[in-house]
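Let's take a walk through this structure together. Keep the sequence beside you as we go.

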Amino acid sequence: MNINKLSKNVFLKDGTIYDPLKKKSIKGNILITNGKINGIGDIKAPNGAEIIDCTNLIITYGFCDIHTHFREPGREDKETLQTGAKAALAGGFTRVCVMPNTIPPLDDPESIRFIVEKAEETPIYIHPIGAITKDQQGKEITEMSAMKSEGAIAFSDDGVPLQNAYVMRLALEYAGMIDVPIINHAEDIPLRNNGVMNESEVSTKLGLSGNPDVAESTMVQRDLQIAQSTNSALHVPHVSTKKSVESIRGYKAVFPKVTAEVTPHHLYFTDEALTTYNTNLKVAPPIRTENDRKALIAALCDGTIDCIVTDHAPHTIEEKEAPFDLAPFGMIGLESCFGAVNKVLVKQSEMKIELLIDLLTIKPRKIMGFEQNLFAKGSVAEITIIDPKASWTFTKDDIYSRSVNSPFIGEELFGQIKYTIVKGLIAKI
Ligand SMILES: [Zn+2]
Ligand SMILES: [Zn+2]
């Protein structure tokens, strides 16, 4: 990947331009002048412009990932804001939200300011999500309002489920007052019973402890009920089960402040893949059954699930080389995201590529309240250029994260990011 400053005039020539806000595709060109959108459509290149041939490529908004873990501060050996930003660029992401389960956690205004200031030095836009509770202990609510003033975009104790329903209610009440969503990693801790993979015939066969689907769905149901009673925005992260999908679908029909996300790995793999004991497939919540996977795809198609996020969670090789029971939960996902979801959703499941792009661009931006009209004249260019038909094998060479814990290594993916443009820079992937 090469990252360069944009020339004064950059002309994206002969592409298919898809505007997710206007839901419109046209053939044409985009002129970027001094890093800003200057013209779109049947326009000519000015003299001396840098021309980028976009024949057979889709030009659209930069992707937005509202769920990543960049490990700074505290575990810079796994990832930093800088290395995470490079992984994001490689995946077509111009904007990401980082979870607060760092060391120490992002649980006060100073820690939020630290991320906001450090993010300015990176080549993408990074927004911190603040912790719901002090030290993510699930007891005392953080200073949400002051943290929001410093730039916290939402609140979550992600990594740790908020087990105490009373604290969940307080969190939703406070967040509702300042108009930000609460994101709870929904897994009932006693019910998941230290399970390391989905509880099924496969876990029995493999001799691994099982984490049942109801560990997630019962807490999702609890959270939905409390959110509705407090009339506050609840965003359900990394939905993995059919039962959760059904609860969310039911609530969305009567309570529109509910949103939800799904990861590429829950859409791509099933628990059968764990027969290799590949610890890179050890994630929380776990990879589920084919039945669950199909329900997640249907939920994206009918709008029950609003967006796709990576839950990019870097870990060291040493940690992931531990026996399956002991290895940490999580996989990286930024670089492989588009090729994976385009394969399972567009190539194998007949989703329109325009909807997939919406799920990666405008829909996550809407949840977090980010600007949605990215092709307006004068806007700072935030653009991703995609080859939607490229077949390629994902390898370690495609990873820019400081960690390599990806089960997508060796997988044939479909669709590839060619360029990412943001903050006056252009990354050629
Ligand atoms: Zn989580
Ligand atoms: Zn997470």
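**A guided tour**

Let's begin with Asp-14, which sits in strand β2 (residues 9-19); helices (H or I, at least four residues) and strands (E, at least two) are DSSP runs, numbered from the N terminus. Asp-14 isn't a glycine, yet it has a positive phi of about 60°. With 40% relative accessibility, Asp-14 counts as partly exposed; buried means under 20% relative accessible area, exposed over 50%, and partly exposed in between (1.4 Å probe, protein chains only).

A word on ground rules: this is a predicted model, in which local features need pLDDT of at least 70 and side-chain atom pairs count only at pLDDT 80 or more, while totals for chains, interfaces and linings use all residues. Residues are numbered from 1 along each chain as its sequence is written, chains are lettered from A and ligands numbered from 1 in the order in which they are written, and side-chain values use heavy atoms, leaving out hydrogens and water.

Lys-423 also has a positive phi without being a glycine, near 50°. You'll find Lys-423 in the loop between β18 (412-422) and β19 (425-428), and it is partly exposed, at a relative accessible area of 27%.

Now for the metal. Which residues coordinate the zinc ion (ligand 1)? They are Asp-158 (OD), His-185 (ND1) and His-238 (NE2), at 2.0 to 2.1 Å. Donors here are N, O and S atoms within 2.8 Å of the metal (3.2 Å for Na, K and Ca), and water is not among the atoms, so sites may look incomplete. His-185 is in the loop between β11 (182-183) and α5 (189-192), and His-238 in the loop between β14 (234-236) and α8 (242-254), so the pair ties together parts 53 residues apart in sequence. His-185 is buried, at 3% relative accessibility, and so is His-238, at 1%.

Two proline spots deserve a stop. The peptide bond from Glu-72 to Pro-73 is cis, with omega near 5°, and Pro-73 is in the loop between β7 (63-68) and α1 (81-90). Another cis peptide bond joins Ala-284 and Pro-285, with omega about -5°; Pro-285 is in the loop between α9 (264-268) and α10 (290-301).

Cys-337, Phe-338, Val-341, Asn-342, Leu-345 and Val-346 in α12 meet Ile-353, Leu-356 and Leu-360 in α13, where contact means heavy atoms within 4.5 Å.
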